[in-house]
Amino acid sequence: MKGLIFLLAILSFGTMCWAGSQRQKRQDAVNRLDKAATILHEIMDAPDQRIPDWTMKRAMCVAVIPHLIKGGFVFGAEQGKGVVTCRTAKGWSAPAFIQMGGGSWGTQIGVEAVDLVMVFKSAKGMQKLLSSKFEIGRDASVAVGPVGRHSSENTDVKLNTMILTYSRAKGAFLGMTFDGAMVRADNASRHAMYGPGVTTRATLLGRVAAPAAARPFLDAVRGAKAHAVTLADRKSTRLNSSHLGIS
């Protein structure tokens, strides 16, 4: 009898520890969503260094990785966790959770924290996110994205590039492509937010309802795209008026 009571006590303690761990993982996921929203707002509020409106207007997916750690001595490494949403027929999807890591070789020293935004331009880029993992540069072409609200859509960016990257460290914008980094699903965070039965694919395809905690991040993405569409419409109206001789 005492043995049974002891066993039940052990099982109960283990259950409480697991529940506490899940609550902490969910809170970490919520904090990540909030940080991603703040980063996107700050980048889009920088007039001369913002993501161009035409880029946001045509974005298929937007990923934000707050506080990506880059550093090393000769051998380099990068590690971080982020969130991503993709455009669906009903609007932007519930956020999926991703992690990014990789290594590099070269003359380097020191450590820095980088806020990274990745804009996926096409359905092919979205398909990479729907897979279990992919390597930037090898599986998905990448380029440093142009900046500035007046940046031309005809800027020198390869038409077949799947991903445009925007990164900053301590307020300074950097030109990094992050070649060789591996992007994969963050299963632990996804399970903590949505439960074990939800997949990254279902999330990004719009089959999962967005939780209330995701609202600030999704609002930031919607706001950036809505602003881009408004400016594009205004530009089109001005061009049409000019052609018609309307002042």
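Predicted model: local features only at pLDDT ≥ 70, side-chain atom pairs only at ≥ 80, totals over all residues.
Residues are numbered from 1 along each chain as its sequence is written, and side-chain values use heavy atoms, with hydrogens and water left out.

V117 and F217 touch the most other members of the largest nonpolar core, which has 35 residues. A nonpolar core is a set of buried Ala, Val, Leu, Ile, Met, Phe, Trp, Tyr and Cys residues joined through side-chain atoms within 4.5 Å, where buried means under 20% relative accessible area (1.4 Å probe, protein chains only). At least two residues of this core come from each of α1 (2-44), β1 (61-88), β3, β6 (163-169), α4 and α6 (215-243), and α1 gives the largest share, nine residues. These elements are DSSP runs numbered from the N terminus, helices being H or I of at least four residues and strands E of at least two. A second, separate core of 28 residues has I65, M118, A140 and A181 among its members.

## Aromatic pairs

Two aromatic pairs are found in a search of the whole structure; rings of Phe, Tyr and Trp (its six-membered ring) pair if their centres lie within 6.5 Å, and planes under 30 degrees apart count as stacked, over 60 as edge-to-face and the rest as tilted. The pair of F97 and Y194 is tilted, because the ring centres are 6.4 Å apart and the planes stand at 55 degrees. This pair links distant parts of the chain, 97 residues apart, with F97 in strand β3 (residues 96-120) and Y194 in helix α4 (residues 187-194). Both F97 and Y194 are buried.

F120 and F134 form an edge-to-face pair, 6.4 Å centre to centre with 85 degrees between the planes. Since F120 lies in strand β3 and F134 in strand β4 (residues 133-135), the pair ties together parts that are 14 residues apart in sequence. F120 and F134 are both buried.

## Helix α4 and its end

The buried residues of α4 are S189, R190, A192, M193 and Y194. Just after α4, G195 takes a positive phi of about 105 degrees.

## The disulfide

One disulfide (a pair of cysteine sulfur atoms within 2.5 Å) is found in a search of the whole structure. C61 and C86 form this link, with their sulfur atoms 2.1 Å apart, and with 105 degrees about the S-S bond the link is right-handed. C61 counts as buried because its relative accessibility is 0%, and C86 is buried with a relative accessible area of 0%.

Methods
Buried < 20%, exposed > 50% of the residue type's maximum accessible area, 1.4 Å probe, protein only.
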